[in-house]
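This report describes a predicted model.

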Amino acid sequence: MSARKSLSVSLHFLTASSLADTILFSSPDYVLPTLYTYPENWRAFKAQIAAQYSGARLKVASSAPAFTFGQTNRTPTFLNNFPLGKVPAFQGDDGFCLFESNAIAHYLSNEALRGSSPQTQSQVLQWVSFADAEIIPPASAWVFPTLGIMQFNKQVCTAITELTMTFMSCNLIMGMFQRLDKLRKNGFASVILFGGNNDSSISGIWIFRGQDLAFTLSDDWQIDYESYAWRKLDPDSDETKTMVKEYFAWEGEFKHVGKPFSQGKCFK
Ligand SMILES: N[C@@H](CCC(=O)N[C@@H](CS)C(=O)NCC(=O)O)C(=O)O
């Protein structure tokens, strides 16, 4: 059989209830191989799906008291096993620790899933890499708006978020600009901090080269943009013309914000 024919690619959509079947209780709870995650984490699903196909035992710890995302993964015990503090994270009944969802899925697989020849093994790696590099970034860009995480993402965008302390807010803008360093050739932004302590907002106008918001292209760029609500501006509308004028001049009424100008920063 040619390598091409021997490979079939399937896309699996498993519901949370079918994934719950992955938990096969055959020994006391505390010695079960455990996957730490938060509920409905698609990265964890990769490992859960592999375990479901291979029959590997797996306990999913995704809620209190076993695991609380944002808390348990910051404890010294967790960080000692998983220095990045990220999930999914796996600990075997022998104490073996593993992070990175693809590695965990690989570990929980069997030969049928991993491939039995160098060719099929490489093809598995090919599709895993293909999904990470070619599918997930654009899929995230399409899915996030439907979840309301990112409302619009074309050409000219404005972003707004509510904040407490003005000095923190300003560091937030500069931190975001620093992380976006490589984007400088392709984007320009004027971001303004409005209001004072306990009543401040960050709002800005971004202009990007190309048709899509660039933030999904790098993990590092995604740290900040999800905190903001994005709205596409119509370049021909009077509202946009006024906003562009005000944001670039750092003066004006800023009607849509309703707080006084505090300070501005430009990304260029
Ligand atoms: N490349 C990693 C990504 C893991 C990751 O980014 N996990 C996030 C949640 S989806 C996390 O645990 N973040 C916690 C933190 O950064 O504090 C994988 O595929 O497992």
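## Ligand surroundings

In this predicted model, the ligand is surrounded by Arg 43, Gly 85, Lys 86, Val 87, Pro 88, Glu 100 and Ser 101. Sorted by class, this shell consists of 3 charged, 2 polar and 2 nonpolar residues.

## The sheet

The model contains an open sheet of 4 strands, in which the pairing is mixed and the strands follow the order E2-E1-E3-E4. Because strand E2 (59–61) and strand E4 (97–99) stand at the edges and each has a single partner strand, one side of each is left without a neighbour in the sheet. On average, neighbouring strands of this sheet are turned by 20° against each other, with direction ignored.

Strands of a sheet pair through backbone hydrogen bonds, in either a parallel or an antiparallel manner. Here strand E1 (residues 34–36) and E2 run parallel and are joined by 3 bridges; in one of these pairs of residues, Thr 34 has Lys 59 of E2 as its bridge partner.

## Helix H3

Helix H3 covers residues 42–54, and at 1.5 Å a residue its 13 residues should span 18 Å, which agrees with the 18 Å that separates its end C-alpha atoms. Just after H3, Gly 55 takes a positive phi of about 85°.

Note on methods. Residues numbered from 1 in each chain as written. Predicted model: local features only at pLDDT ≥ 70, side-chain atom pairs only at ≥ 80, totals over all residues. Near = placed C-beta within 6 Å. Nonpolar A, V, L, I, M, F, W, Y, C, P; charged D, E, K, R; others polar. Pairing = 2+ DSSP bridges. Helix = DSSP H or I, 4+ residues; strand = E, 2+ residues; numbered from the N terminus. Axes fitted to C-alpha atoms, helices over the stretch in contact; angles between N-to-C directions. Expected span 1.5 Å × (residues − 1).
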